[in-house]
Amino acid sequence: MNFEDVISKRRSVNFFDPNKEINLKLFEDIINEAVLAPSAFNLQPWEIIAVRSPEAKEKLFTTCNQPKIKEASMTLILVGDTFAYGRDNPMWNIKIDLGLKEEKVGKIITMCETVLYPTEVKRNAMAVRDVSLFAMSIMLCAKNKGVDTHPMIGFNEEKVKELFNIDDDKTVVMLLSIGYFDETKTLNPRERRLSYNEICTIV
């Protein structure tokens, strides 16, 4: 698709065809494109748990009671690391290989700890912000390849963490069902979006 078509045709579809599975190579291609999304210091504080098997779908379904989880080819649990700026993030080593000094890395980490993300609220906001950018990138890359998506935030995070062994220092940002729209169903018309004149102030 051209970019305008991707933007205009992407919808949060409510109905997925349970008989159409997304090819795993296609899914890999979507993710490898989507990781070009921006993140603070390019630390990429995200990981994906792709819920694909019937057993895993049943587990996830108990956390939010959304039929899409059973119908979609898979649902992604998008997880953010609230301590992604830590020295154990392998991205720091990549930066050092590219010429960044270890001393500079230490200064950036200290700035993250003391200025940018000194509280749990700010650490969580960082993870949610970056993973949300990644999620939007996934949705657009998927639509470009003819694959549909639906993001969800109505779930029991603690239960998701427990069932899928997610560390306490990480946050479950959203669930993202991915697959193919059930063509026997009809989506509601797209609701009106606020326009430039309604949301933009130039100062």
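This protein has nine helices and four strands. Helices here are DSSP runs of H or I, at least four residues, and strands are runs of E, at least two, numbered from the N terminus. The model is predicted, so local features need pLDDT of at least 70 and side-chain atom pairs count only at pLDDT 80 or more, while totals for chains, interfaces and linings use all residues. Residues are numbered from 1 along each chain as its sequence is written, and side-chain values use heavy atoms, with hydrogens and water left out.

Start with the overall layout. From the N terminus on, the elements run α-α-β-α-α-β-α-α-α-β-α-β-α. The C-alpha trace spans about 60 × 50 × 30 Å along its principal axes. Of the 203 residues, 42% are buried. Buried means under 20% relative accessible area, exposed means over 50%, and partly exposed lies in between, with a 1.4 Å probe and protein chains only.

Now contacts, meaning heavy atoms within 4.5 Å.

Pro18 sits in the loop between helix 1 (3-9) and helix 2. Pro18 has a relative accessible area of 45%, so it is partly exposed.

Next, the annotation. UniProt lists residues 7-180 as "domain: Nitroreductase", in an unreviewed entry. UniProt positions are in the numbering used here, feature names are shortened, and annotations may be inferred rather than shown by experiment. Over residues 7-180 the chain is 47% helix and 17% strand. The end C-alpha atoms of that stretch are 17 Å apart.

On to helix packing. Two packed helices are described by the angle between their axes and the distance between the axes. Helix 2 (residues 24-34) packs against helix 7 (residues 120-144) at an angle of about 130°, with the axes 8 Å apart. Axes are lines fitted to C-alpha atoms, for helices over the stretch in contact, and angles run from 0 to 180 degrees between N-to-C directions. Helix 2 and helix 7 are therefore oblique to each other. The cut-offs: under 35 degrees is roughly parallel, over 145 roughly antiparallel, 65 to 115 roughly perpendicular, and the rest oblique.

Which residues make the contact? Helix 2 brings Ile30, Ile31, Glu33 and Ala34. Helix 7 brings Phe134, Ser137, Ile138, Cys141 and Ala142. They divide into seven nonpolar, one polar and one charged. Ala, Val, Leu, Ile, Met, Phe, Trp, Tyr, Cys and Pro count as nonpolar, Asp, Glu, Lys and Arg as charged, and the others, Gly among them, as polar.

Is Lys161 buried or exposed? Its relative accessibility is 9%, so Lys161 counts as buried. Lys161 is in helix 8 (residues 157-163). Leaving aside neighbours within four places in sequence, Lys161 contacts Ile166, Asp167, Asp168, Lys170, Thr171 and Val172.

Last, backbone phi. Most residues other than glycine have a negative phi. Gln44 is not a glycine, yet has a positive phi of about 50°. Gln44 lies in the loop between helix 2 and strand 1 (46-51). At 24% relative accessibility, Gln44 counts as partly exposed. Asn65 also has a positive phi, near 55°. Asn65 is in the loop between helix 3 (54-61) and helix 4 (67-71). Asn65 counts as exposed, at 57% relative accessibility.
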